[in-house]
Amino acid sequence: MLKKLIRPVSLFLVLSFILLDFSVQTAMAQMVDTGTVIAVQQQQADRERVAAFLGREDVQQVMIQHGVDAAEAQKRVDSLSNAELAKIANSMDQLPAGASAAGAIVGAVVFIFVVLLITDLLGLTHVFSFVNAQN
Amino acid sequence: MFLVLLMPRTEPKASPRLIQAGSRMIAGLLFSVLTIVLSSCSLLPMGPMPQTPGEPDSAMVSGVPFFAQDELQCGPAALAMALNWSGIAVQPSDLSPEVYSPGLKGSLQSSLIGSARRHGRVAYPITGSEALLAEVSAGHPVIVLVNLSFFWYPKWHYAVVIGYDQQQGEVILHSGLTAREVLSSRVFMNLWRRGEYWGLLVLPPDRLPVTGEEVAWLAAVSGLEKTGQRRAAAIGYATALERWKTSFAAWMGLGNSRYRLHDLEGSAEAFHQATLLEPENGMAFNNLAHVLAEQGKRQEALAAAQRAVDLGGSSLDTFRQTLEEIMQK
């Protein structure tokens with residue numbers, strides 16, 4: 001009884017899975033959806049903002065205080081992953097607009113950044129897996 | 001609160017030594033509780049709320065109906081007020097199944113956002129008093145998440161800010177059982193800070209927030225598109241293009257939502273505009289190729305698909321599939 005059923009049932013299942021797969025493929029599977037477009041644009045914007053941030057004079061001064069080569073830091077922005085860039089850009093958003101407290105907080109953000117760069121330089125990237133090592 | 005709970009636990013059957021240790025522990029606890037209390041209510045300075053220079057001193061949004069909330073139903077009530085202002089006639093009780101989580105005895109921010117989208121409205125989060133005051137003075141009510149108590153005993157609450165007066169130092173809200181409740185701005189900012197300054201605009205898709213930013217608005221509109229509100233999404237993208245005329249993502253979104261609305265001609269036009277804005281970006285050519293193929297323009301479709309593959313990028317696999325699919329037609 002069961003054996004008799006197995007063939008038609010499995011045939012039906014196989015067929016229905018094939019049909020299911022087809023319907024998914026034809027339904028706009030290869031259109032790039034808007035969410036993807038926005039995510040890519042967001043990543044580009046993040047990269048530009050972080051680069052612009054590192055280019056600021058006050059930020060460069062803090063980096064010099066920590067003995068970090070600003071040009072090298074700029075270069076390394078490109079090796080940061082999207083998630084990491086988003087994290088930095090997000091922490092930049094939290095900076096208050098007022099000028100008074102900015103110094104201390106800029107220092108803190110740069111500090112995080114410097115830590116990342118140093119661990120990157122020391123080859124400790126297994127600690128921060130989101131930093132792409134350059135070699 | 002903590003001390004009341006702790007005292008009876010340690011006192012009854014304690015030996016002298018234990019009492020000593022206990023009292024030391026209590027002293028330690030008292031100290032840390034005091035520290036927590038004091039640090040969490042480190043008072044914000046008196047005076048007006050931080051505001052962008054040049055904005056009006058006072059403002060009041062008209063046309064925001066008040067719904068008194070049922071117990072624990074501040075989420076549905078706040079959303080209903082914002083939705084009614086935006087032109088959607090709903091009652092809090094209609095929204096409750098979409099918004100309120102009985103297990104949590106409250107409503108999640110993401111549920112408010114999801115529910116606003118299901119009603120074809122753009123849910124746009126804002127943060128900070130500058131944005132809040134600018135939006136209210138532009139005539140947009142703002143749903144805010146506040147913590148009426150401290151973080152270690154949170155009492156979360158949603159209310160709708162409908163006005164403010166910087167001279168008087170006042171914020172006006174529809175909140176709980178009170179319409180037009182007047183709070184001092186200092187108290188309001190303390191409560192709102194514990195809600196991490198979370199605010200939400202619920203806007204018709206043709207109305208941009210004055211503090212709106214391109215990517216954030218488009219992300220909010222693409223949420224509408226995902227919810228299946230394609231017509232509203234198309235309006236949202238078109239509205240974005242009025243302010244950000246060179247927005248590649250807005251043209252892409254417009255193309256995608258028109259495609260889903262079976263407006264092939266309009267969709268092709270939008271993707272075409274996107275290719276003009278970013279001729280080095282394969283994504284627009286890829287989507288254009290699909291629409292052209294459906295319009296029966298095989299040669300043009302092939303050319304566009306080939307162009308996408310040539311340009312490459314992170315979506316190259318998708319572009320290759322597109323090309324193959326069109327070649328097989």
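Reader: What makes the pattern of chain A, read along the sequence?

Author: Chain A reads α-α-α-α-α-α, with six helices and zero strands. Helices here are DSSP runs of H or I with at least four residues, strands are E runs of at least two, and both are numbered from the N terminus. Mind you, this is a predicted model, where local features need pLDDT of at least 70, side-chain atom pairs count only at pLDDT 80 or more, and totals for chains, interfaces and linings use all residues. Residues are numbered from 1 along each chain as its sequence is written, chains are lettered from A and ligands numbered from 1 in the order in which they are written, and side-chain values use heavy atoms, without hydrogens and water.

Reader: Why is helix 6 of chain B called largely enclosed?

Author: Buried means under 20% relative accessible area (exposed is over 50%, partly exposed in between; 1.4 Å probe, protein chains only). Seven of the nine residues of helix 6 (residues 129–137) pass that test, so the rest of the structure largely encloses it. Among them are B:Leu132, B:Leu133 and B:Glu135.

Reader: What covers those buried residues?

Author: The cover includes strand 1 (58–60), strand 4 (122–127) and helix 7 (185–194) of chain B. Just after helix 6, B:Gly139 takes a positive phi of about 90 degrees.

Reader: How much of chain A counts as buried?

Author: By that cut-off, 30% of its 135 residues.

Reader: What makes up the lining of the second largest pocket, by class?

Author: Nine nonpolar, six polar and two charged residues. Strand 6 of chain B gives the most, with three residues.

Terms used
Contact = heavy atoms within 4.5 Å. Nonpolar A, V, L, I, M, F, W, Y, C, P; charged D, E, K, R; others polar.
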